[in-house]
Structures are given as structure tokens and as C-alpha cells.
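This report describes the chains of one model and the contacts between them. The structure is shown first.

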Amino acid sequence: MAKELWEGNAAIAEAAIRAGLEAFFGYPITPQTEVLEHFSKRLPELGRVFLQAESEVASINMVYGAACAGARVMTSSSSPGVSLMQEGFSYIACSEVPAVVTNIMRGGPGLGNVQPAQGDYFQAVKSAGHGDFHMIVLAPSNVQEAIDLMVLAFDLAEKYRTIVMFVADGSIGQMMEPAEMPPMRPVRPPEERAEWALTGAQGRKPNIITSLYLGAENMERVNIRLQAKLREIEKNEVRWKEYSTEDADLLLVAFGTVGRVCQTVVREAREQGLKVGLLRPITLWPFPGQRIAALAEQVKGILTVEMNAGQMVEDVRLAVEGRCPVRFYGRMGGPIPLPDEILPELEKLNAEVGGEEE
Amino acid sequence: MAVEIPEDMELVYSYPESLTKVRTHYCPGCTHGVVHRLIAEVLDELGVRERTIGIAPVGCSVLAYYYFNMDFAEAAHGRAPAMATGIKRVSPDKVVFTYQGDGDLAAIGTAEIIHAANRGELFTTIFVNNAIYGMTGGQMAPTTLPGQVTTSSPTGRNVQTAGWPIRMAELLAELPGVAYVTRQSVLDVPAIRKAKKAIKLAFQTQLAGLGFSMVEILSTCNTNWHMTPVEALEWAKEHMVDYFPLGDTKMTDAVRALKEGK
Amino acid sequence: MQQEVIISGFGGQGALFAGQLLAYAAMDSGLHVTWIPSYGPEMRGGKARCTVVVSDEEIGSPLVRRPSAAIVLNIPSMEAFEPAVKPGGVLVVNSSLIPQKSERDDIRVVYVPASDMATELGNVRLANVICLAALVKATEIVSLDAIKQALEDHLPERHRKLLSLNFEAMDRGAALVDAASSGTD
């Protein structure tokens, strides 16, 4: 299929449709409303389910219900709306049903603003809801990757019967880039829904989907099983991209929009003679910590750049375990760090670790 | 288990197939068991057990999925109508019902029930109203009567500060998407028989695709009311029925035709 | 080779659409391109601005502080972006609405009375494509034909009757640059 100019939000929605999405439940919120609007037009055309819910609380529980019934389902929101969904994330994780949620992140805390931000890293990666669980968290940095990861999100959700969060900052949602859509996958017919799904106990024992396990040992057994699954995901699903790391003395770590901004920084820094590489995590959980630890043996220092007050940098430090200095540069509440602010930070780091410019 | 019936005898009672043969955790004297049984009999009579999906609430009936012999999901507190919406929209050929208590439906889940009803979602809600939070140990519910003593209204519900009990059957009756809403009770045998008929009509409303249906059922909580089961039934008849009058609050013409056609 | 263009004006002046046209033309010319708007909560009357990056290799940052070219459609945009254009870059000024002159001597400034020219053509909303044609001519970022083709391919159905008028507007915008480069700049 030829490349077309796609707006990020519409591309995300269309990619989900191509991936066999059966139902979308959601609530409007800037800057993700175009996702919902695209679904509102396309899904009914295709005979699939679109429903504008009364709240994000209702949306995620509709998703929970449809997922229990064995359908491919998703919702989409932006930061304040995602906070409202956290109850549902926890139930979905414990019940082990597959679901996909996108967060087109905006400035916060509170009502914040509608500018792009990455302030929800902790929420997505570390505190998605009450209890012990993680979501798989995918973070694209361009429109093509957003399309590809959206398709992957459904496959991972079903493979591991888990919740997958897709986080993009508002600028990826609003920007346009040439991109190629995958071919349309057929929607799975209802009779092919998973054997654990609630499809009516016809000729079989009833299926029960619950997150209630009374008794300490019962609940612990469930937790042990969930943790084993998470370890499996950590083993199989870590994804990242590297740029010019082979000979790098300094390493940038950044994801999403600022991840691609750092591609420009690598180019400009190398023009100045600084041997800089970039590692861009694509899965924020599971985090590419092992690879960062390996690179920490090679480089003299690491600069993490984020559109927040310094969240992912904690995971970078946990991975690096003091092997080299880890510094941070970030902007909060909307501004996107640009190359001319990041370069001086790299120069500072270079001076700190005693590097020279060639 | 097929039981052989001698020729000169007639089978007048059997265990509903829609119930599992386990002991419930409900307190002695609790009316949840009666309501479960009525739903099970109706689903058996309609022959839909194998395509029914139930949704349990948070509250005393949180474990309802152990007692019904059919596919079941357990919802977050108050969210059963949203879950039911999700299930029914992707499985329109299934029979879907929520089983909810007063805290679940009329407090924390008010938004979900109102909007599901307003959209005319094609599922059935069984709303068990016993004017108290049972599972957490007897706190004030949205349906607790004025002056009623609970562990969180120790001097009696003061409507000046705690507001008035909510009449959900009347409230939902206002919504155009609602096809059938009625308030029944399980406080004596005639009432139980009427309640069963209402439950059956509610499920028939769903099967006919006529709109949202709900049966509110006045019930008791002898444990947290600190009464004997019989005292509790009498107390409910004396006090609850005044504030929560029995009868249909909404029946569209289509539902009436369905009822009279039977 | 990478060029960055900022197009800025009031909401309703067509800054975002002009940027999209450029993006389509770049894509159809086989180039890498990003189009990114700056957005606010208001639906109408606010600032409207987009950044288009066109490159023959993979694009990193879709945003720049100092673009290689800019179109400014109103006075606030002139004040914001006249100083920002990189030395050696191009600034297209809608001189119908912007009376002041640039004091930069390290960039090429093209004054286009775009709103007046558009009104003369019968539709003030053509000012954006007049300026875009001037910019394309001055920067050679893509060909004018590519812009015309992009318009023909992507103009919403309800505006198709305006296609030839748009082409006429573009030709006039481009002609100003031709005239300027052969005369005094």
C-alpha cells in the first residue's frame, strides 16, 4: 500500500481498525478527540461497535465487559481521563483479559493544558492502579511507528491476556507524516472467541471472570501467577531503537517525540565532534534496562531527556547502577525540548566526564 | 441427575438448572437466596441459561457467580451496567443481566445505571434494595430511610445532612430508553410470586429487544437491621413500602402488549 | 538537505492548510516530511501556526526554533518569526496586513500583498496559497507544479470549483518572486 499523509490520531484509530478492532468505547478529551472521531465515522460504516460513553470510568468498564466477552476492544483518552480509568486497569490486569488503551498525553498535573507532555510516565509504568501489576507500555515516536505499534498492541494484549497501554504525547497525535497502513485484517467471528471468554455456557461448564480471591493464600497464588507472566513479558518483549551507539562516548536516552528530537541532537553533536549515540525505548515497560546497562560500560556518561520533571531517568539510573554518571534534562507542562537546549547539556556532561571534542 | 417419577406422582419441585448446588454464604434469613432462585427459575423457563451472561456487583452478592450456573463476570463497584453494555454490544445474541445492590446501583454506580438505561441498553438489571450496606457491616445506604439507624448514621439518617433516600425505579422511569421498570418485593409469598412474574417480563423485554428493563426488589437485612428474619420482613413491610411504593413505574406499550400476549 | 518552514497567521487565514499542501507536495515528490501544528483550546480566532520539515533523509525533530523559511500572514506572526528565520533563509510577508519592513539583511524577504491580490481575485481566503507559491518559488523546496498537483489531489470535494482560481492565485504569487529576483531585492 502506498504512503499517505496521516495525522497521528487518525492513524492510530485506523491502524486499530486494520488490526481487527471490534469495539471502541470512549469519551472526548483534547488532544485525543480525533481518535474518537475517526472511530465514530469508521466503525459504524464497517458494522462494528462505537459508543461514546458517559465518562472514562464507564469507558474502561465497557472495555472490560467487551474484553470478558472475548472481543478485540480498546479505549482512548488523554492524561486526566486516563487517571479516571485506573480502577479499570487494575481489574483488567487481575482478571487477565486483553485490552488496549491509548493515552495521548497532555500537560499536567490537574487539568493542566492540552500541550504535549510525558508527565504520565510514572502512571503508565509504575502506578497504573492499585495492587501489583504492570501494563505493557508502548511509546511511538513517529506516525508510522504509531501505526505499527497499534497493531502490535492488540497482538501482545491477546498473547499475554493483559492490558497494553499505548502512550504518545499530544504532538504525535496532532502531527502529520507520510505513513503506510497495514492491510485490513478480518474481524474474528464470534464463534472463534477464546475458550475462557464469556460466550454462554453452552455444552460446557460456566466461565467465571473475576478479580476477587478471598483468602490470603488464594490471592497470593494469583499474584504469583501474574508475576510469572510479567517476567515472561520482560524476557520476550523489550523493544528499543539505537542510533549511532557503536562508537558513542555519550549516550542520550529519550522516548516519544523527544526521542526523535534527540536524533537531530545526535546529528548536530557529531558535526561538533561529540561522539553521541541515542537509545530510544519503544517499550517503556518492560524497560530496556539490560541494554542500557551494557551501554553504560561503554559510554562515559548518559543524558536522559524527557518532557517531564525526570521520571524515566529513575529507571535509567536503576539500570546503570552507578557505572557512569546519569544526568537529566527536561521541560514540563508543554514545551518540547529542542536541539539547541539539549546540546549544551551534552557539552556540560562531556566536560564533567572529562571528554574532549575532536 | 434424572429422577424417576412414579406414574401416579407428579413432579412439583426441582432444583433450577440455572443454580449451582452449593451452599451460599448469605446470612440465615437473607432474601438474596429468594431473588437468586426467582431469576434462575425464569432463565430455566425461558430456556436461555446457555446463552446468558450475568454480572455480579460489589456488595453481599459479590459471589453470586458461584451460585448461578452460567457464565458470569464480577464488576468493579457500581460499574456492572457499563460492563453489561460492553458485553451486550459485542454479543447482541446473548442474554445479559446485572445483579446489583443499593450501594452499588444507587450510590457509586448512579452514573453508569442512568446512562445505560438512557441508551436503552438491551440488558436487564435486578436491583436488590435493602436500605443498608450489608457486606461492609451495616452503614447508611443511598436508600436508607429517614431516621433509620445504621453504623454510619448512629442517631438515625438526618436528611438535612445526608439527603433523602433515592427512588431509583421512579428516577429511571423518566428516561425514554427505558422499556420496563417495576418495584417488587420478596417480603411474603404473594409478593414473591409477583416478583417472579416481573423478572420474567423484564427478561422477555430484553429478548424482544424493546429497551432497558429493571426490577427493583425490596429486601431485608435482618443481620444489620439487628432483627430476626421475621421481624425484618415485618419492618420492611411497615416502613420501606411507604417510601418505596410497589408497582410498575414504566411500561411501554410494546412491553404491555408483550405481557398481555402471554 | 533539510528545510524547515513555519507558516503563521490568525485562525481562518489558512496557515495550516497551506502547510498541509506543502507536506503533500513534498511527500508526492518522494521526500520525507513532517507537519505539526501548534494548537490551543480555542476553536476560532486564535493563533494558527504550523511547522513543516522537508528533508531527503529521516527527520528527527519536527519542530525548530529557527526555520529556514517562514510565511507570516499577520503582524503578530511577523513580530514572532521575522527574527527567527535562519541567516540565508526566506521570509514571505503578507504586506497587505503587515505594514512594517524587515530590518534583516541576512535573509531574503519577499513582500506579497497577498490579501489584496486575493480580494482582487474575488476571494480573500486565497492569500495563503499566493504566499505559499511565493515561498516555493523562492526556496525551491518543491516545485510549484507539485503544489498544484497536491491541491488537485487533496482539495476537499466541496471546494473543487475553486481549483482554477487557486492555480491563478499561485501563478500570481510565484510571478512576484520571478519579478523580484530579476529586479531589486
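This is a predicted model: local features need pLDDT of at least 70, side-chain atom pairs count only at pLDDT 80 or more; totals for chains, interfaces and linings use all residues.

Residues are numbered from 1 along each chain as its sequence is written, and chains are lettered from A and ligands numbered from 1 in the order in which they are written.

**Overall dimensions**

A residue is buried if 20 or more other C-beta atoms lie within 10 Å of its own, exposed if 12 or fewer, and partly exposed in between, with C-beta atoms placed from the backbone. Helices (H or I, at least four residues) and strands (E, at least two) are DSSP runs, numbered from the N terminus.

| Chain | Helices and strands | Box of C-alpha atoms along the principal axes | Buried residues |
|---|---|---|---|
| Chain A | twelve helices and 15 strands | roughly 75 × 50 × 40 Å | 58% of 358 residues |
| Chain C | six helices and six strands | roughly 40 × 40 × 35 Å | 51% of 185 residues |

The radius of gyration is taken over C-alpha atoms, and the globule rule is 2.2 Å times the number of residues to the power 0.38. For the 358 residues of chain A, a compact globule would have a radius of gyration near 21 Å, and the 21 Å of chain A agrees.

**Chain A: domains**

Chain A is divided into domain 1 (4-199 + 225-236) and domain 2 (240-352); the bounds come from an automatic or database domain assignment. The centres of the two domains, taken over C-alpha atoms, are separated by 27 Å. Their contact takes 27 residues from domain 1 of chain A and 21 residues from domain 2 of chain A, where two residues are in contact if their C-beta atoms, placed from the backbone, lie within 7 Å.

On the side of domain 1 that touches domain 2, the elements that give two or more residues are α5 (121-125), β6 (136-138), β7 (163-169), α7 (170-174) and α8 (216-236) of chain A. The largest share, four residues, comes from α5(A). By class, this side has 15 nonpolar, ten polar and two charged residues. Here Ala, Val, Leu, Ile, Met, Phe, Trp, Tyr, Cys and Pro count as nonpolar, Asp, Glu, Lys and Arg as charged, and the others, Gly among them, as polar.

Among the contacts in chain A with a separation of 6 or more, 80% are between residues 24 or more positions apart.

**Chain A: the seven-stranded sheet**

An open sheet of seven strands with mixed pairing runs in the order β3-β2-β4-β5-β7-β6-β13 (chain A); two strands pair if DSSP finds at least two bridges between them. Its edge strands, β3 (49-52) and β13 (283-285) of chain A, each pair on one side only. On average, neighbouring strands of this sheet are turned by 20 degrees against each other, direction ignored.

Within the sheet, β5 (residues 99-105) of chain A pairs with β7(A) in the parallel sense over seven bridges. A:Val100 stands opposite A:Val164 in β7(A).

Helix α3 (residues 56-68) of chain A lies across β2 (23-26), β3, β4 (73-77) and β5 of chain A, and runs at about 165 degrees to β4(A). Axes are lines fitted to C-alpha atoms, for helices over the stretch in contact, and angles run from 0 to 180 degrees between N-to-C directions.

**Chain C**

Along the sequence, chain C follows the pattern β-α-β-β-β-α-β-β-α-α-α-α. Its radius of gyration is 15 Å, close to the 16 Å that the globule rule gives for 185 residues, so chain C is as compact as a globular protein of that length. Residues 24 or more positions apart make up 55% of the contacts in chain C with a separation of 6 or more.

**Contacts between chains**

The contact between chains A and B takes 33 residues from chain A and 28 residues from chain B. On the chain A side, β2, β3, α3, α4 (79-95) and β9 (208-209) each supply at least two residues, and α3(A) gives the largest share, eight residues. The residues of this side divide into 20 nonpolar, ten polar and three charged.

Strand pairing also crosses between these chains: β9(A) and strand β2 (residues 71-74) of chain B run parallel and are joined by two bridges. The bridge partner of A:Ile209 in β2(B) is B:Ala73.

Chain A also meets chain C, with 19 residues of chain A in contact with 16 residues of chain C. On the chain C side, α1 (15-28) and β2 (32-38) of chain C each supply at least two residues. The largest share, five residues, comes from β2(C). This side of chain C has eleven nonpolar, four polar and one charged residue.
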